[in-house]
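User: Could you go through this one with me? I have a few quick questions.
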Amino acid sequence: QVGIGSILYSGFILVGAILLLVNFVIGRAGLKERAYIFPVLFLLAGLLSSIVHYQYDFFSNIKLLCCMAIQFSCFYMLKPKWSGKDPREIANILLQLFFVLWTIAVIVSLGEFIVGYSCQLDDSYGALSGRRLGFIDQRLFGVFGDVNYAAIGSNIVLIGSIFFFLRNRGKKSRQCYYCLCALFNWTYIVLSGSRTAFLALLVSAFIISFFLIWKQIVLKRKQKALQFFAPILLSVVLVGLIYGAYVATEKVSSYVPVAYERLVESDSGAKGDNDRKVNLKRSDVYNSDNISNNRFEIWKDCISVWKTTPIVGATPRGFLHYAQDKFGPNLYIVQVDYESVHNGYISVLAFSGIIGAIVSLAWIAFLFTTVLRYLLKKENMTDCNYNQVVFAFSGILIGLVSSMTLTTMFYSILATDAVFWLLCGLTLYLTKKENNPEPLQMKV
């Protein structure tokens, strides 16, 4: 049953997408920048799939594409001289807002961990039934809808906080703020138990360390062998230190709720029991042979469905209905009625076929070649925004790595996805030296 709220929400989405399209086409922004054509082509691939399979949730597919178009605007708006403002300033404001709101949610979630709050919503909550809150199943879900996506968001805040901490040298109050943001979000990443988020963090840390160290060695004109091997070796050491810090944080955090309990109830039976601690070892990982949490089964089914319509895919919102019509109710993804593919790349292939896959791969290749060409040139290492490109690119890598086990970037409309596209636009803007005559004064 469709309510008035759903109708109004759909209307707002449609109007927003139309306004964006008019601005994009009439302003001919897509003709001026090559990068803008990739999101447009991807939306057209999704539209083609929706038209070919119009009988499968057509209007839901169109609504999702409109939402994605609005989300892509975070990337599009960072064109030169947009609204007469420096795009770096626009990106800075949006990122700072994201950091504040996300860190507040993280602090509340950490508070739930400390007091031992846990809850799983029952059937009376309708579509929200089954959602876990607080600390449950050896993982800190907190106030977030999904613990894995929440940890990805904390990754972005952590990396961004480190960058702004270094950028604001000599400004103690700002550095203190970013230090606290980094500490809170690091702790949440550990308590989330998200393997994907931790892997993405290690990759981004390696990239940051490699390019910043490589930059210093190249500018000091060290030997060629040292230029290559030293950054790799030191970056590997850093990754090892981060892993050690992860284990140490996990061990220390396991005693915090008990310490809080003893502080509040000093006369409880827990007093003096030094061996009591919270179990942070996920039972679905350490006590199970199903290391992928059924992802392999989901991926296998998605590939089977894709093979029946390889060119245009089976649409994002009508995918399960299409799968049921083609394979019946015995397919695993149909049985569990699970819409998430848990892989951003397979989801593109399954939802929009080879056409969508080619566009998305071309986009990733374009992004990598543009950024790496900038980072590897010696003359760019003295650019005032070189370090920011490194950190922004590492944030993009968080999204790319997490897409291996989560549905992110494409066909996903979460806050972290919007930040991903914002970082893409910012990074491509910064790689054009003519756009950056002088450093931007960052503000909190």
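User: Which strands does helix α5 lie across, and at what angle to β3 does it run?
Analyst: In this predicted model, helix α5, which covers residues 87–115, lies across β2 and β3, and its direction is at about 130° to that of β3.

User: And what is the strand order in that sheet?
Analyst: The sheet is open and has three strands in the order β1-β2-β3, with antiparallel pairing. Its edge strands are β1 (118–120) and β3 (139–142), each of which pairs on one side only, and the twist from one strand to the next averages 35°.

User: How many bridges hold for β1 and β2?
Analyst: Three bridges, in the antiparallel sense, pair β1 with β2, the strand of residues 132–136; in β2, leucine 133 is the bridge partner of cysteine 119.

User: Switching to α12: which residues are buried there?
Analyst: The buried residues of α12 are Arg295, Ile298, Trp299, Asp301, Cys302, Val305 and Trp306. Viewed down the helix axis, they fall within an arc of 165°, so they line one face of α12. On the other side of the helix, Phe296 and Lys300 are exposed.

Notes: Residues are numbered from 1 along each chain as its sequence is written. This is a predicted model: local features need pLDDT of at least 70, side-chain atom pairs count only at pLDDT 80 or more; totals for chains, interfaces and linings use all residues. Side-chain values use heavy atoms; hydrogens and water are left out. Buried means under 20% relative accessible area, exposed over 50%, partly exposed in between (1.4 Å probe, protein chains only). Helices (H or I, at least four residues) and strands (E, at least two) are DSSP runs, numbered from the N terminus. The arc is that of the directions from the helix axis to the C-beta atoms. Two strands pair if DSSP finds at least two bridges between them. Axes are lines fitted to C-alpha atoms, for helices over the stretch in contact, and angles run from 0 to 180 degrees between N-to-C directions. Contact means heavy atoms within 4.5 Å.
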